[in-house]
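Work through the exercises below with the model open. Try each task before reading its solution.

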Amino acid sequence: MAEVQVVEALLFGDQEAKAAAVEAVTHLTNKQRHKLAENGAIPAIVSMLHAPPDFKSLESTIFALLSLAYGSERNKIRIAKAGAIPQLLNLVQSQIHPLIDHAIAALLILSSCSANKSSMAACGAIEILIQTLHENNSTQAKLDIIVTLHNLSQWIPTILLSCTSSSLIHLVNHSEKSSKLVEKSTGLLENIVSSSEIALQEIASTTFGIRALVETVEEGSKHCKEYAVGILLMICESSRETYRGMILREGAIPGLMQVSIDGTKRAKASAKSLLRLLRDCSSDFRSERSKNVVLEQVMGEIDRGEMRGIEVGMVEEMIARLNM
């Protein structure tokens, strides 16, 4: 079906013809899809989201919108202006699980366009996505939600910052620490915490919040560790007296020492800064004098900037001794 026939079917056809037309959109070339959009087909496609709940046609409609939006900022704006966002959010809440995941993917694509962000927030997208993050068991859907929330992070209302942070730290706590899900969650958490005292306090005061971050420093991927160290540093900087002991009690020092020698550039700097904040009272939590000596020795290396490759084996041995 050529793009001219698709447009005619969408604008003037019966329900069956329209359903066939939206299914055909994904098979068109990029040039044909461009002509389709220029000829006013997008509002007609979006109107199919209002149609009676025929699973196949709804799925085809979402796929058609995804194919039109991909790589085209103009089409993303057109799709939003045609009223797709409220309809996609309705599908997210529909309990029709395959459609939920497709609708979330479409919202992610639309949220990547700066012109759509405020209207998405105004439609209640943030509240619905946070709620869905709790309820949806699909890892890919969770990833898409987190990236969408990252795109909309500037628009997260203050009243939802605590809830958002709580949802993300729960995900981190219950997920494999080296997973992409934890990487995206900690990345968004660091972004939120950097500008919100409310979010910071929510993570720090949660029973398992600091522990989950320390475990991520120990077990996560390089980027997971980078984000987790950054969050712990901000927590400690916000109130050394309140949080330093809590971080130490979770056994953070060995992981931080390891990151200080083999983490990303930013993670190394953050880990060293956090170790210096933790250093003064570390003896309160390390009763054996030998461990204090080891800590002071490695901190001296850090302070002098002498952590080069030749010392890595020695530092790893020190970490092992601290873990004994």
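**Exercise 1: Salt bridges**

Searching the whole structure turns up eight salt bridges (a side-chain nitrogen of Lys or Arg within 4 Å of a carboxyl oxygen of Asp or Glu). This is a predicted model: local features need pLDDT of at least 70, side-chain atom pairs count only at pLDDT 80 or more, and totals for chains, interfaces and linings use all residues. Residues are numbered from 1 along each chain as its sequence is written, and side-chain values use heavy atoms, with hydrogens and water left out.

Task: locate the salt bridge of Lys76 and Glu73.

Solution. Start with the distance: N to O is 2.8 Å. Then place the pair. Both Lys76 and Glu73 lie in helix 6 (residues 73–81). They are three residues apart, about one turn of the helix.

**Exercise 2: A helix pair**

Task: describe how helix 10 packs against helix 11.

Solution. Take the axes of helix 10 (residues 125–135) and helix 11 (residues 139–151): they come within 10 Å and cross at roughly 150°. Helix 10 is therefore roughly antiparallel to helix 11 (angles over 145 degrees). Next, list the contact (heavy atoms within 4.5 Å). Helix 10 supplies Ile126, Leu129, Ile130, Thr132, Leu133 and His134. Helix 11 supplies Lys142, Ile145, Ile146, Thr148 and Leu149. Finally, sort these residues: seven are nonpolar, three polar and one charged.

**Exercise 3: Confidence**

Task: find where pLDDT (the predictor's confidence in each residue, from 0 to 100) stays under 50.

Solution. Begin with the chain: its average pLDDT is 88, and 85% of the residues score at least 70. Now go to residues 281–289, where pLDDT stays under 50. The model has 15 contacts beyond four places in sequence for residues 281–289.

Terms used:
Axes are lines fitted to C-alpha atoms, for helices over the stretch in contact, and angles run from 0 to 180 degrees between N-to-C directions. Helices (H or I, at least four residues) and strands (E, at least two) are DSSP runs, numbered from the N terminus. Angles under 35 degrees count as roughly parallel, over 145 as roughly antiparallel, 65 to 115 as roughly perpendicular and the rest as oblique. Ala, Val, Leu, Ile, Met, Phe, Trp, Tyr, Cys and Pro count as nonpolar, Asp, Glu, Lys and Arg as charged, and the others, Gly among them, as polar.
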